[in-house]
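Biologist: I would like to learn how to read a model of this kind. Could we take it one feature at a time?

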Protein chains: 2
Amino acid sequence: MQWVKVLGLGLGGAALLGLGIILGHFAIPKGTDSPAPSISAPQDLDLEILKTIMGQLEASRIRENLRELSSEPHLATSLRDEALVQLLLQRWRDPVSGLDVAEASEYEVLLSFPSQEQPNIVEVVDPTGNVLHSCLQNEENITGEQAGPDVVPPYAAYAPPGTPQGLLVYANRGTEEDFKELQAQGIRLEGTIALTRYGGAGRGAKAVNAAKYGVAGVLVYTDPADINDGQSLPNETFPNSWRLPPSGVERGSYFEYFGDPLTPYLPAHHSSFRLDLVNVSGFPPIPAQPIGFQDAKYLLCNLDGPSAPAAWQGALGCDYKLGPGFLPNGNLTDSQVRVSVHNQLELRNSSNVLGMIRGAVEPDRYVLYGNHRDSWVHGAVDPSSGTAVLLELSRVLGTLLKKGTWRPRRSIVFASWGAEEFGLIGSTEFTEEFFSKLQERTVAYINVDISVFANATFRAQGTPPVQSVIFSATKEVRSPGPSDLSIYDNWIKHFNRSSSVYGLIPSLGSLGAGSDYAPFIHFLGISSMDIAYTYDRSKTSARIYPTYHTAFDTFDYVDKFVDPGFSSHQAVARTAGNVLLRLSDSFFLPLNVSDYSETLRSFLQAAQRDLGDLLKQHSISLGPLVTAVEKFEAAAASLDQRKSALQAGSPDPLQVRMLNDQLMLLERTFLNPRAFPEERYYSHVLWAPRTGSVATFPGLANACSKASNTDPGSEAWAEVQRQLSIVVVAVEGAAATLRPVADL
Amino acid sequence: MQWVKVLGLGLGGAALLGLGIILGHFAIPKGTDSPAPSISAPQDLDLEILKTIMGQLEASRIRENLRELSSEPHLATSLRDEALVQLLLQRWRDPVSGLDVAEASEYEVLLSFPSQEQPNIVEVVDPTGNVLHSCLQNEENITGEQAGPDVVPPYAAYAPPGTPQGLLVYANRGTEEDFKELQAQGIRLEGTIALTRYGGAGRGAKAVNAAKYGVAGVLVYTDPADINDGQSLPNETFPNSWRLPPSGVERGSYFEYFGDPLTPYLPAHHSSFRLDLVNVSGFPPIPAQPIGFQDAKYLLCNLDGPSAPAAWQGALGCDYKLGPGFLPNGNLTDSQVRVSVHNQLELRNSSNVLGMIRGAVEPDRYVLYGNHRDSWVHGAVDPSSGTAVLLELSRVLGTLLKKGTWRPRRSIVFASWGAEEFGLIGSTEFTEEFFSKLQERTVAYINVDISVFANATFRAQGTPPVQSVIFSATKEVRSPGPSDLSIYDNWIKHFNRSSSVYGLIPSLGSLGAGSDYAPFIHFLGISSMDIAYTYDRSKTSARIYPTYHTAFDTFDYVDKFVDPGFSSHQAVARTAGNVLLRLSDSFFLPLNVSDYSETLRSFLQAAQRDLGDLLKQHSISLGPLVTAVEKFEAAAASLDQRKSALQAGSPDPLQVRMLNDQLMLLERTFLNPRAFPEERYYSHVLWAPRTGSVATFPGLANACSKASNTDPGSEAWAEVQRQLSIVVVAVEGAAATLRPVADL
């Protein structure tokens, strides 16, 4: 272009050159979008706006949102679930407080429901066929909300139908080790019904493990020791406290993977290829049914056989025995347990709802914020406490947007996912449908599922790059309650660790697959986080909040016991909102990639400490991994310096964009879709599932664990070497991504 | 930022806002880089500079480059190959005409060489063990360059050692159909030696197919009908013409995949995991050896048995028979052929050389331009004709760079790949090592391997987005020779097609896996092209230039017969340079994504026409694919409109960057690493290998071909549906990438 030449007066590379650029006309999206303030390419986070937003997030509105969201059961694809889709669309399309655009999108997914004609039943049957005891088919209607056609009876979603009958055994948590222990004790498992308690192993894993030992059916209950700090009497439980009533039953998905079971890696559109049912993997191999501890007590306290190990004992008030079968006294002699499961698989249309605020300057950079919408029953805590916060946050942002006061630098996408409870289905289908676009453009994914488990402290899980932005946000929000502490200062009292870089800091948990962040981090390699308010662990050892997935998880439960006054909800809204705004509005992305250095170093040290000898015995050197980690550390430190230098000047937006791309895409470099072919969706070489107890590179740890009992030349040892190379290449690739972009 | 607020006077979204931006200081890389002209973020292609560059590319310098490069044999990892690494580094580090930075990087790769102690021999042996005929072990030393320790004797790289002996059969081109035909004619194949000719099937495939029929060893020769337009006498061949002398033998890799055989998906660093040899796939299962047509004539013209079909006849001057065994007349009665192969696998260090010109404005966007360096013998045509052009182009650009006259907008990376002849090894290892960085940042890959096959016409292969930039470049360069035509106008006379969009245009070929572009397009999804000057197909039907992979591919061969005066080399340098400059310097990336609309539509129409009935019989609808293609067409057309609107104004650099990212990343959206798990590296759902003759979506076509003989409910038909869904998702994802970035 000639004018450039005319303007360029040979000032040399270091000269500052002022050039007029034309911006507003193009940077603000056209059409029906709301007016926006004048913006410029170097637009940065406006701390005044941030403060305004923090101030406008109202606890009382969150409470009202929750009341509405949890007023009726809203199981995935139910009429009420669909009504909530409309509610979300209406809120996000509101002319005064809505977003730029909102849409629902449907997937046709395979869900599992109990039969309406034939209820699932668990019975004790004597040798002549008389039923001596029937477990409750529904929870006790204590508050008037536990009955009705919309309350789905307790069941184990995706457990196959069947009516196995056999002697009862007690199998603790149903882990592989638990069944081995029973076998070691000489308990014959073939054809039995195994009574297990929640915790320890995943739901589906209990049935998978049981089936390996010939067990014919699985019962799962919640022990008061695990959920109620031992208490179990009606006067000690809801509605008299936050504790689980004796009839309460945890529902849940027993599917071992996530995403629609019929369409792995493909979005579940009507026309999509679907697996034949016989080719579906991940469903429980044998019937399973959850029951309350009231019924579990009857079964367990009447069991015969040797006493269970001390670690297997719970709080049902009797000595837990192993079985098989019931005590010979009384009329239970020779009685068996019959589990009648009549679950049905159904193709259903499940909706995601998406709402967007278009970015003013970089509309092609997305900050995603999501939660699921579907519950098992009323789902006041799970997931409506998160959705109530989501709606309040979108209202405040939408209002500023519609007023023309504010528009984010980058695009913000709010998501209400469908059918999460069945296996993160809505979010997974979304990532399958928009794989490329999301990988290319997404800055981070913020998940706020259950926003308040309890009102004691903030907690967060995430990958290292989001640690610093969470710290920044939590330092700016006051902790709920009487103290003057920041969220951060309160958090560090509850969860902390000694960082080799920062000293004592709050400890960020790592991301498993417990909510909708899973496909984003594991499948797409997008930096993700899950944030919530939670328990004081010095006051309760409950596995999770007691009414989890029961018909007692209601508005009153939250209002009276979980967060009276909703100040913890408000605190989560402020913190999540603060994180969101920092990600969407900061000129420089607040992703601190050098925090991965500490993680990599600790993974490496753990490998050296716990696997080093074993590897050395097989002539496998960790040297290349040491080198790779050192390269990463150097590259990250040097990037931090370049970033500081840029920040100290008046950098041009294109340069900041280039640096931001390095920050955004770092997480992607740890993806290797060929690393773990047997682990569906898991491609992140640092956060894939790890079986052992060593906090290190999962592929390496898992391979070592498999190889440890094999001969030196085995395929298993070759796999150890392959996994080591995979992680070396990933870390080297990550370092290359952080180095100056024009380095060879 | 406060000053933004002050400046922003509420002008509204459509107002033009002039803002000063600071640029030069940051945009020009620091350090030892050469001075550069003042640059600005909207820096665009400078047509004057382009013209200068075109004018400075000298035919005589290309000739001198070629003389030096081809002065000695430079087989991969040979001393001379390593000397050329130094030559490249010296050129690219030259203070007057070098690049910003140049480095060599080594991989430890598995190559295959003939034994120096035990030469490979092909003999005719009579029943008592007397050798009646020995094929030449080396080509005839006609010009003084066919002998010497650095001339590797003809061999089939990666063919296993062994000394099979058996009756000779003639198997045409060694395709699956050829062996079926032999079987149909009642020729007993078990234990035979199959004589095949080059062409039709890949090298390795001939051995793979033969082994399936029990053949014990394979000979491969070049028929004068295929390479010399029938001529074969010494006075008709080199050095008297460009034709192949009777003793010439085509060497080549018989490995079926590409990349280092021991380290699929991993860079072949010293410490990388390597497969055990027993687990390596893709090597020929039986010994194989190439021979010249002089020896082939002796063998073939003495064969017994029925006459070969007319299509199997060649130009050796006798009636080709099928065997098995020789004619009973003469002393060949009951004689067999013994093939002694003593190839050895060796781990060798092979280098890539990379040179970079850092981009002034967007250094994190790479335009890659590469060719391999290794040859079989002197390799004047293959690959030095490409390297000679590469060096001239880098000299001209480097000189402007060092003078401070020019610096590209984006970074340019020149590459000299190692060990291509063994299976694109250097380039593949490079893509494995820098997978993430390259995928995120590479605009396009330009491959110029053999730059001049012949001097009649330009030809190009590439994916649709590069068609337009090749057209632009070829319209600007004069065709070599006496005519006044542009390269484009000459090209269209030789290769053309009727486009539904443009009418008659030159036809761009599609990319297979014949050179180093393969890992870039198939594994990384980077828009790629391969360009060259080539034959007048009305004048020769040679399969490839006659001395291909022989010891006759020398400087004199090029200088006298291929391109006297080197004007075709110059034309390729200008065209490739023009394409390179357009990609590196244009403000708007010259990738025309909407040209994919025509391709997708034609693939769809082919599917409808040739597979539609079959699919309908199995109740498989192409409807979703029709919809997806329509969405792509609409999205591409709308993007073109937005681009035109932007171009008409004075767009700001960040906006152009966002649009350019859509253009650059479109090709990536067609990648699916899980689409073809059995096809190593092939992840591009449009350009993966296709077995049938229908030019359509390869996954769908291949699956249909496999399913066509199976029952309706078969797994093969399920795979058809899966492949259909895979391509639908890819095309829908591509459309989503092209739509406005802030659309939901």
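Modeller: Start with the elements: helices (H or I, at least four residues) and strands (E, at least two) are DSSP runs, numbered from the N terminus. This is a predicted model, in which local features need pLDDT of at least 70 and side-chain atom pairs count only at pLDDT 80 or more, while totals for chains, interfaces and linings use all residues. Residues are numbered from 1 along each chain as its sequence is written, chains are lettered from A and ligands numbered from 1 in the order in which they are written, and side-chain values use heavy atoms, with hydrogens and water left out.

Biologist: Where is Phe566(A) placed?

Modeller: In chain A, Phe566(A) sits in the loop between helix H16 (555-562) and helix H17 (567-585). Although Phe566(A) is not a glycine, its phi is positive, at about 60°.

Biologist: Which residues does the cis peptide bond with omega of about 0° join?

Modeller: That bond joins Gly323(B) and Pro324(B). Pro324(B) belongs to the loop between helix H9 (293-301) and strand S12 (336-340) of chain B. Another cis peptide bond, with omega of about 5°, links Asp382(B) and Pro383(B), and Pro383(B) is in helix H10 of chain B.

Biologist: At what angle do H5 and H10 of chain B pack?

Modeller: Axes are lines fitted to C-alpha atoms, for helices over the stretch in contact, and angles run from 0 to 180 degrees between N-to-C directions. Helix H5 (residues 79-92) and helix H10 (residues 380-403) of chain B pack at about 20°, their axes 10 Å apart. H5(B) is therefore roughly parallel to H10(B), as angles under 35 degrees count as roughly parallel, over 145 as roughly antiparallel, 65 to 115 as roughly perpendicular and the rest as oblique.

Biologist: Which residues of H5(B) and H10(B) meet?

Modeller: Contact means heavy atoms within 4.5 Å. Leu87(B), Leu88(B), Arg91(B) and Trp92(B) of H5(B) meet Leu390(B), Leu391(B) and Ser394(B) of H10(B). By class, this contact of H5(B) with H10(B) has 5 nonpolar, 1 polar and 1 charged residues. The classes are: Ala, Val, Leu, Ile, Met, Phe, Trp, Tyr, Cys and Pro nonpolar, Asp, Glu, Lys and Arg charged, and the others, Gly among them, polar.

Biologist: How do H13(A) and H14(A) lie to each other?

Modeller: Helix H13 (residues 467-476) and helix H14 (residues 487-494) of chain A pack at about 115°, with axes 6 Å apart. H13(A) and H14(A) are therefore roughly perpendicular to each other. Ile470(A), Phe471(A), Thr474(A) and Lys475(A) of H13(A) touch Ile487(A), Tyr488(A) and Trp491(A) of H14(A).

Biologist: What lines the largest cavity?

Modeller: Its lining has 28 residues, with Phe435(A), Gln439(A), Phe435(B), Gln439(B) and Arg668(B) nearest the centre. Helices H12 (435-441) and H21 (653-666) of chain A, and H12 (435-441) and H21 (653-666) of chain B, each supply at least two residues of that lining.

Technical notes
1 Å grid on protein atoms, 1.4 Å probe; cavity = no way out; pocket = protein on both sides within 12 Å on 5 of 7 lines; lining within 4 Å.
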